[in-house]
Amino acid sequence: MGGIARWLAGRALRAFPESARQAALGNKQIARVIRLRFAYFFAVHGAVVFLLLKLISGGDAWAIVSFGLASLIMVPGELLGGVLADRHGPKWALRNGLVLMAGVMLAFAALLITRAATLEAHPVGSQWLPGVVGICGLELAIGVALSLINGADTVLFVNVGREARIEGLDASAFEGVGSALRYYGTMLAVAVGVGLYYGVEALTSDPALAMSLQSTVFIGTFFAQVYALRTLAGVREPPVDDRQRATLNQIMLAASSLRVQPALLRSVAGAAVGI
């Protein structure tokens, strides 16, 4: 994964002067945040997660509700995650978010395998209560994990680039390189996830066996999170001037500006009523 990330970073850095590009690729700290940025969003399950949630819960409605819960928790969670990252540093927020995400992926895999074991009593398409409770709780946990990760990854990436003091490596443009790496990782993960999911369907006609094997998409994301955590451990977090930290007044102002989207609430409530 590291070699792929380096090659993609080289392509993303082509807009910079050649001297800055080579210096960035040769810097150990920048190399680590490049691998981190590529790996942490390598969501192998992402492209097929709705299909998997349907299998676990037994229908479309609960899959939609669980997605809504993850989105709702991220509304206040983004603020809380920002405050925690500001107080403890982006590396702390990233580490805890990645640990939580890795745990959620293992729980999803276990839930899917358990669902496969219950197919005789609860055939595909029938509601399975443990699955309903499980996907709702785990999607809430994903919302918390993303609240910790979002923003903190960008801050760490840009700060490491700035700390390297490489001539010609503009900080704002370097942030774009980080975004490109994240999307490259997402696109490759989508291809891997779709290949695994439909490859299993092509290999076996046994629904229980297929469901058990399809849990590997969650395992794939789990290993990406573990790789990201190992990479993060080697990143040296640049010091932050206390004057740059948010004040209590700024935090309260941000909290007062939060508004939960009424349309989102209505869509989640509508899906729940239709169950």
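Author: Helices (H or I, at least four residues) and strands (E, at least two) are DSSP runs, numbered from the N terminus. This is a predicted model: local features need pLDDT of at least 70, side-chain atom pairs count only at pLDDT 80 or more, and totals for chains, interfaces and linings use all residues. Residues are numbered from 1 along each chain as its sequence is written, and side-chain values use heavy atoms, with hydrogens and water left out.

Reader: How many helices and strands are in the protein?
Author: From the N terminus on, the elements run α-α-α-α-α-α-α-α-α-α-α-α-α. The count is 13 helices and zero strands.

Reader: What share of the contacts with a separation of 6 or more comes from residues 24 or more positions apart?
Author: Contact means heavy atoms within 4.5 Å. Among the contacts with a separation of 6 or more, residues 24 or more positions apart account for 84%.

Reader: What percentage of the residues count as buried?
Author: Buried means under 20% relative accessible area, exposed over 50%, partly exposed in between (1.4 Å probe, protein chains only). The protein has 275 residues, and the buried share is 43%.

Reader: How many aromatic pairs does a search of the whole structure find?
Author: Rings of Phe, Tyr and Trp (its six-membered ring) pair if their centres lie within 6.5 Å; planes under 30 degrees apart count as stacked, over 60 as edge-to-face and the rest as tilted. The search of the whole structure finds four.

Reader: Is the pair of phenylalanine 38 and phenylalanine 42 stacked or tilted?
Author: The ring centres of phenylalanine 38 and phenylalanine 42 are 5.8 Å apart. Their planes make 45 degrees, and the pair is tilted.

Reader: Why is the pair of phenylalanine 108 and phenylalanine 218 stacked, and how many residues apart in sequence are the parts that the pair ties together?
Author: The ring centres lie 4.9 Å apart with the planes at 10 degrees, so the pair of phenylalanine 108 and phenylalanine 218 is stacked. Phenylalanine 108 is buried at 0% relative accessible area, and phenylalanine 218 is buried at 0% as well. Phenylalanine 108 lies in helix H6 (residues 90-117) and phenylalanine 218 in helix H11 (residues 216-233), so the parts tied together are 110 residues apart in sequence.

Reader: Which residues does alanine 224 contact, leaving aside neighbours within four places in sequence?
Author: Alanine 224 is placed in helix H11 and is buried, with a relative accessible area of 2%. Its C-alpha lies 6.2 Å from that of tyrosine 40, 184 residues apart in sequence. With those neighbours left aside, alanine 224 contacts Ala39 and Phe42.

Reader: Where does phenylalanine 42 lie?
Author: Phenylalanine 42 is buried, at 11% relative accessible area. Its C-alpha is 6.4 Å from that of threonine 221, 179 residues apart along the chain. Phenylalanine 42 lies in the loop between helix H3 (28-39) and helix H4 (49-57).

Reader: Why do the buried residues of H10 line one face of the helix?
Author: The buried residues of helix H10 (residues 207-214) are Ala210, Met211 and Gln214. Seen down the axis, they line one face because they fall within an arc of 100 degrees. The arc is that of the directions from the helix axis to the C-beta atoms.

Reader: Which residues does threonine 204 touch, not counting those up to four places away in sequence?
Author: Threonine 204 sits in the loop between helix H9 (171-203) and H10. At 16% relative accessibility, threonine 204 counts as buried. With residues up to four places away not counted, threonine 204 touches Leu209 and Ala210.
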